[in-house]
Amino acid sequence: MKKIRKIDRRKFLRGCGTAMSLPLLDIMLDPAKGGHGVAPKRAAFFYIPNGVVQDRWQWGSDGGEFVLSPTLKPLQDLKEKISVYSNLDRIKVAGTDGHAQASTCWLSSAHPTELSPAGYPLKRTVDQLIADETAKYTPFRSLELSCNPYTDNKESVYFDNISWYGHGHVAKSMRDPDKVFRRLFVADENKVSSSILDLVLEDAKSLQRQLGAQDLRKLDEYLDSVRSVEKQIKRVEDRKGTIEELRLEAPTVPWPELERHQYIQLMGDLMVLALQTDLTRVASLMVAPERWSTPQKVDGLFEQPVVHHSWTHQQGDDRVRAELARLDRYHVEQFAYVTRKMLRVKEGHTTLLDNTMFLFGSGLSSGKDHVYTNLPLVMAGSAGGAIKTNRYIKSEEGTPVANLWLAMTQVMGSKAGVLGDSTRALDLS
Amino acid sequence: MIVRTFCIFLIFAGTAFSQQRDIRLPYPLNGVYEGEYHFTASKPARVQGMSHYGKDWSRDAHLLWDGKLGDTLELSFLVRFDSEYDLGLRLTKAPDYGICQVYLDGEKISGAIDTFALGVELASLTELGKHKLSQGVHRLELKLVGASQKARPFKQEGRFLLGVDYLHLKNLKPKAAGNMPGIELVHVDYAELHQVLKTYCSDCHHADRREGKVDLESLTTSELFLGDLQIASKVIAVLQAGEMPPEGAQQPSLDQKSQLVLGLQNYLDERLASQQSLQPVVMRRMNRLEYNYSVVELLDLKGDIYPLPEKVIRSDFPYYQPIAGLMPDRLQLGNRTLGKNVIEKPILTGVFPFAADLPAENGFNNRGEELSISALQLETFVDLAQAVVHAPEFNDYSNVFKALFVYAGSEDPLVVARKRLSSLLEKAFRSPVPEELLNRYATFFEVRLQQTGDFQRAMKDVVAAVMSSPRFLYIIETVPEGAPRQRLSDYELATRLSFFLWNSIPDDDLLKLAREGKLSDPKTLERQVREMLLDPRSQSLSQNFARQWLRLDQLVTAVPDSKRFENYYSRIGCEYWKLGLQSMLEPLLLFESVMIEDRPILELIDSDYTYRSEELHHWYRAEIPFKSRGERNRFLPSYQQFNRIELNDKREGGVITTAAILTMTSSPLRTNPITRGAWVAGVIFNRPPPPPPDIVPEIEEDDAVIEAQGLTLRQVLKQHQTNQSCKSCHARIDPLGFVLENYDAVGRWRDNYRGGLPIDATGELFGEVRFQDIVSFKEALLERPEVFTRAFSEHLLSYALGRELEVSDKLAVDTIVRNVLANEGRFSSVVVEIAMSYPFRHKQVVEAENPSEEIMEVLGK
């Protein structure tokens, strides 16, 4: 029988931790060494499922003093680096499950009337729109991570992903930190040869003549991916030297043996590393999949396995609501951990956090009744000064969250003037 | 007689869909109405197989019924043509059978018929005389009027049995009927149907209220009714299932209801037959089980390329041998504990499975819309292909290593490679290999050979490239010239078949048939399907279809409370091994035995045997399988012996009442009747409930707490259904869950709740059949074999096609169901009927209405 190993927390994080001291970006920033002088802007997303306990999330003051609500208290030391939003809504479309739509369409750029064949208002998501602007600078177009620990195949693809190239074409998230590490930092692992890609690309193109419209779209996904990987190979090759210099060590413990916070934080570390080393400028992390009523151990927080989704529906019970609020706060703590990590990465006179827009949120405000209005949203970082922090931005009631998405894509270089049901870009500065 | 109130006439459908026709009541073409098939019968009629009593019974079965003296067995049957008929009735005789009198449409047409006999035998034909019968439904009644003095009562005093083998209708004026091709649809005037809809439905479904967004009042013509086929089909389904009108509302009589269903159905069928539309299948990427089997087939490997959690049952001994026709009685099996995060050792060094694809909601993980390739996944596939061929173990692992990768002899290596590639490409891409395609890969080989100077190396590289091509990774059906809908090419048919039955690319035999253009011949196709079922590779239907259909993976993460259900775990306080997880094997083994022994699929509802390990059997008996804790700690997680066990109690048997299903649909501290009901609705009836509403009331998670309030779970749930929309949906789901309430949260039988409160497992099915408990629930399902047969066929067809079914598939499903029922519901007949069905053998192309820019760009290149 298998024995559980005692895990030395420092040991498994050490590999990733060493990079913190490496002033990789300094080289890139230094014009004398061929750098551009200005640190690039990055965008990252941190998704929590099933909404939050409203009376611990919301806070009294509006417009006046910026005070953190009980759930947001773990961000107290970062208060000057964050901004909090309210009254931003999504429009829920009838016909599909409230939860699936919450996650899969959280970042969707579709107007509520634009439905995919599966019935979702799902189109290229905001992170991918941003990647359209930034991908040309980095080896990897974007990075999608998920801390989904479940193996019971209970829910569909729509509950497990927030990033989409388009409907039907998911930017599938990675769950295994070891695989993430190898993909990003072990150059030898990227052994895909360009000659094979050339061949299959040619082969794929020769298929086009023989396909109907629907299948052409599918084949296009394949072609897109081949082109992405081709570019990626060249850029990874260019960066191979600097990546090897990092001398990073792979995580030593298989992820299923990690405690919950270790798992989330390890994924967070990897995300920060990817952004810090400019391997990508766009990343997202789903802390857990939407709904998925599977009991889960949250070590150190609850003795028994908990079912997050069930709790959200039972929060009328004070006892349950209190426990649920602890879980919300726990998720905010994990977000705070990653944010602090960004803050510690120096980039010239600034930090990684200063150059990043790192958004925390959920596709539901309250999971109790599947409410899509007044979504919980916290932004950390200022994207190179584009976002004013240390404040609470209360929009007019009924403001589409697409206004925020539009503003974020514009900060990242997009020229688009409209996104989904946006009315105008939210003023972030 | 209600039939006369409707204007009924015959419609002759076109010939194109001649195999696709149906009416609610089946009727025979030869005038022999089989007791077990052609009637709708009153309770408690059931089908009894008679082959063990001799070979006299028509189709080896009869309809068995029992009642008290004075009770009547009511049989409805459908007459095709206005005509005069000579009626004859064939009954069964036995020691506990009674005396009956026969009535036709309320009129007595026989004297007393005594069906007593010392042994079980078939009575001679009872002449019932000549009668004029109109087209439509008629009623035959057998009134139990007495019993021979020698007859012994059945179960209790004054109760006797009757058995109907068949009713024969000899048409005395056959010319009046003409020479029918057998494709008639019975037609009822729509105005009459609408009148019934208006009377019973328009209170809620009128223009202003539009409950459920349906306004039936305004659908005054059949054209309007057929304006939205989805809604039309939904209306029929809820009427048929007795879900509408809801409880408490004024109900149409049973006759009115069946006429309404029959009539509306025929309008829908007629429209579908004339439309002949077909939902297209989107090209899809292989999932990881399919990828594994395809690579194994392509390179003739000795085993899998990576460990697969999809394979729940593990065995060193190849027990799955369908050619034997019998499943062994004793099996040494292991169980892959998917959920326990066991990292399995790789099979080939450096070859790892890619991430599992998630199932569609109420479906399978093989749908194009949900299976794409991101940059990350493309990288994975290209890496994976290279990892396989370059794995250190590869050369010994592939049976075609020498034939494919080794160069020996004096021939030009390029010529050798080209020859080998030609057949490899045909197999990998499941298509003929045009010169251009062959050149592409041959050139790649040539370049690699020049670069490396190593034939083997260059060959491995080109094979890896083949395995990375979309032609290999996707299941593609090409656009035919001409009509947007065509028959599949033989190669495409071979591919659909092999992915359906083997989760793999076609093997050499199948390819040969495709190459020779023989596979599309119906006789060859059927023979081939049957041969494929007899191949051990058909086990993937259990590994992949059955596992997903039953949603069995969900058991992996079930965590019954470790204190209350201590026995579920092998060790308390840590969960390395859940003893209870071995229950996962039981439904899969039952499924496999139904496949191997070609049993009726209804045995998945109720079987008189099952497969259990000793611990599992103890489990159901709520006995502690181990004498002491110490012994439990020594429980061997890797292998148990599973034995075939006879069951003689309907509380056990079939898949629904297995511990696996009952546990995974429970919460840690109590059963979850709504989850169970939703499971039964989706899996057993293929009528999954709509997504839950946004406002869901809270229900206490611990049944001990509920009971302390003096309430049962059922009472609590009832209290929470506050409005009509909750009620009408839960009226459908809840009884399907509460019927399982006699099983606790880990699937063990209980008569009462732990605190002593009684369990209420009663409910109603199809809006007319009351059931008391799981036993009468199963009996009700067995009495309507078409219900489960349809649901199961739909699930399997959807799996076979890789898409969701649509209204346009209805006629095809009707045909499948009818033919399967005519074949006693044998498993193989479901598979054969699906493979022969119209949607399986045809493809439909979608023309872009407004091609998007990206597609135009692609086309331009």
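Let me start with a crossing in chain B: helices α10(B) and α12(B) cross in a right-handed sense.

In numbers, α10(B), residues 413-429, and α12(B), residues 455-468, pack at an angle of about 25°, and their axes are 11 Å apart. The angle is under 35 degrees, which means that α10(B) is roughly parallel to α12(B).

Which residues make the contact? On the α10(B) side they are Pro413(B), Ala417(B), Leu421(B), Leu424(B), Leu425(B) and Ala428(B). From α12(B) come Phe455(B), Met459(B), Val462(B) and Val466(B). By class, that contact has 10 nonpolar residues, with no polar and no charged ones.

Next, the other neighbour of α12(B) on my list. Helix α11(B), residues 435-452, crosses α12(B) at roughly 145°, and the axes come within 8 Å. This crossing is right-handed. α11(B) contributes Tyr441(B), Phe444(B), Phe445(B), Arg448(B), Leu449(B) and Thr452(B). α12(B) answers with Phe455(B), Arg457(B), Ala458(B), Met459(B), Asp461(B), Val462(B), Ala465(B) and Val466(B). How do these residues divide by class? There are 10 nonpolar, 1 polar and 3 charged.

Now the interface between the chains. Chain A puts 63 residues in contact with 61 residues of chain B. On the chain A side, the elements giving two or more residues are β5 (169-170), α7 (194-208) and α8 (213-246). Of these, α8(A) supplies the largest share, 15 residues. The chain A side comprises 25 nonpolar, 19 polar and 19 charged residues.

Last, confidence. Chain A has an average pLDDT of 88, and 89% of its residues score at least 70. Residues 1-23 of chain A are below 50, although in the model this stretch has 31 contacts beyond near neighbours in sequence. Where pLDDT is low, predicted coordinates should not be read in detail. That is everything I have; I will take questions.

How values were computed. Residues numbered from 1 in each chain as written. Chains lettered and ligands numbered in written order. Predicted model: local features only at pLDDT ≥ 70, side-chain atom pairs only at ≥ 80, totals over all residues. pLDDT = per-residue confidence, 0-100. Contact = placed C-beta atoms within 7 Å. Axes fitted to C-alpha atoms, helices over the stretch in contact; angles between N-to-C directions. Helix = DSSP H or I, 4+ residues; strand = E, 2+ residues; numbered from the N terminus. Parallel < 35°, antiparallel > 145°, perpendicular 65-115°, else oblique. Left-handed = near helix turned anticlockwise from the far one by under 90°. Nonpolar A, V, L, I, M, F, W, Y, C, P; charged D, E, K, R; others polar.
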